Amino acid sequence: MQNYYKSAKLDNVCYEIRGVVMREARRLEEEGHRVLKLNIGNPAAFELDVPEEIQQDVIYNMQQAQGYVESKGLFSARKAVMHYCQQRGIDKVDIDDIFLGNGVSELIVMTMQAMLNTGDEVLIPAPDYPLWTAAVTLSSGKPVHYRCDEEQNWFPDIDDIRKKITNRTRAIVLINPNNPTGSVYSPELLEQVIELARKHNLIVLSDEIYDKILYDGTQHVSTASLADDVLFFTYNGLSKNYRAAGYRSGWMIISGAKHLAKDLIEGIDMLSNMRLCANVPAQLAIQTALGGYQSINDLVAPGGRLYEQRETAWRMLNDIPGVSCVKPQGALYLFPRLDPKKFPIVNDEKLVLDLLLQERILLVQGSAFNIDDKQHLRVVFLPRKDTLEDAMGRLGNFLTKYQQ
């Protein structure tokens with residue numbers, strides 16, 4: 001019998017957030033062990049529920065969700081997103097400029113499939129959210145990673161971006177607020193990126209899924225609100241701000257120089273039609289979510305759950321000898337650095353595997369986010385404060401032994 005093999009298109013596609021170590025964690029759970037999963041931003045796993053009014057609206061309107069809807073999405077949901085664009089200062093967005101998807105992930109892959117020819121390049125931050133790199137690779141493109149500077153609050157290095165632009169570069173990705181670092185970019189930085197896009201005819205792809213998860217009075221500026229002569233794709237959804245990760249409900253907004261992208265938009269429209277439509281019950285949640293009480297504001301304010309959990313985890317990480325961590329201004333993650341003088345790590349995947357086997361704590365190694373060094377980890381701070389305190393204490397003990 002002949003063996004069956006995966007497509008060669010998958011040879012360089014990598015998504016280690018759910019990779020080898022995750023599979024080992026699943027094995028441990030099957031054996032009856034309890035694993036604390038600090039590897040993915042899954043709010044529901046830590047009793048951060050979808051607001052009740054959103055759940056009730058979906059249930060009440062479920063009868064309307066039995067059939068296909070227009071491939072771009074429900075009119076009422078896209079109308080709500082259009083109003084959100086107006087609030088965010090993204091001008092001249094019409095209903096037809098908005099596509100709903102099964103989470104932002106589907107829309108990112110759809111964009112890359114429509115945009116890229118073989119060998120086309122996309123500039124992606126390092127560290128990145130690795131789906132971006134995987135989507136470019138799967139779509140026959142070439143991901144080119146630009147440096148984000150840890151000493152400058154993880155802001156993108158504009159000079160490094162400039163050096164990496166070639167005649168094959170099609171687009172530049174911004175993840176803001178950033179996953180995995182928690183950095184929130186200033187308007188001045190965004191303006192510099194837009195100027196590069198303007199000069200080199202690049203599309204700006206702005207992933208803004210955490211735009212309401214902000215701390216310490218930090219303000220988020222939507223990239224597309226700063227210009228209308230550059231083509232922008234802006235991505236957002238319900239997964240994080242509204243704790244509805246399992247709903248798989250996201251949207252993509254096309255704005256700016258749309259007149260230059262008629263053929264590209266036609267390609268995206270074609271792919272949207274091919275999947276018929278995004279799941280309809282989750283679309284029923286969008287209007288209520290965007291127009292209702294924004295409970296996320298309570299969670300990120302001083303005294304709120306997410307604020308206090310961030311404070312606790314950040315403080316305890318920095319108290320571990322040889323560990324330093326830039327304080328995140330947004331999102332749900334910390335990205336601590338292990339001093340190479342104390343931790344001469346050759347294989348950071350082995351480090352997180354050892355942590356899993358010894359302490360039953362699941363993290364993600366920094367190299368999974370497409371950075372060159374092996375000195376970083378990503379820590380999710382979604383568990384309640386007492387659970388986090390215990391986990392950070394155990395992590396500190398583990399690292400102390402690991403350097404000996």
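Which residues are exposed on the other side of α7? In this predicted model, they are Glu-188 and Lys-199, and the legends below begin with that helix.

**View 1. Helix α7 and its buried side.** Helix α7, formed by residues 187-200, has 14 residues and reaches 20 Å from its first C-alpha to its last, close to the 20 Å expected at 1.5 Å a residue. Its buried residues are Leu-189, Leu-190, Val-193, Ile-194, Leu-196 and Ala-197. These residues cover an arc of only 155° around the axis, which puts them on the same side of α7, while Glu-188 and Lys-199 lie exposed on the other side. The elements that cover the buried residues of α7 include β5 (155-156), α6 (158-163), β6 (169-175), β7 (203-207) and β8 (231-237). Just after the helix, Asn-201 takes a positive phi of about 55°.

**View 2. Helix α3 and the elements that cover it.** The end C-alpha atoms of α3 (residues 75-88) are 20 Å apart, which agrees with the 20 Å that its 14 residues should span at 1.5 Å a residue. Buried in this helix are Ala-77, Arg-78, Ala-80, Val-81, Met-82, Tyr-84 and Cys-85, and among the elements covering them are β2 (98-101), β8, β9 (250-256), α9 (280-283) and α10 (286-291). Gly-89, which follows α3, has a positive phi near 80°.

View 3. Strand β3 (residues 121-126) and strand β4 (residues 142-149) run parallel and are joined by six bridges; Pro-125 has Tyr-146 as its bridge partner in β4.

**View 4. Phe-233 and the nonpolar cores.** The largest nonpolar core has 79 residues, of which Leu-38, Trp-132, Leu-205, Phe-233 and Leu-306 touch the most other members. When neighbours within four places in sequence are left aside, Phe-233 is in contact with Thr-111, Ile-203, Val-204, Leu-205, Ser-206, Met-252, Ile-253, Ile-254, Leu-264 and Ile-268.

Terms used. Residues are numbered from 1 along each chain as its sequence is written. This is a predicted model: local features need pLDDT of at least 70, side-chain atom pairs count only at pLDDT 80 or more; totals for chains, interfaces and linings use all residues. Side-chain values use heavy atoms; hydrogens and water are left out. Helices (H or I, at least four residues) and strands (E, at least two) are DSSP runs, numbered from the N terminus. The expected span of a helix is 1.5 Å times one less than its number of residues. Buried means under 20% relative accessible area, exposed over 50%, partly exposed in between (1.4 Å probe, protein chains only). The arc is that of the directions from the helix axis to the C-beta atoms. Contact means heavy atoms within 4.5 Å. Two strands pair if DSSP finds at least two bridges between them. A nonpolar core is a set of buried Ala, Val, Leu, Ile, Met, Phe, Trp, Tyr and Cys residues joined through side-chain atoms within 4.5 Å.
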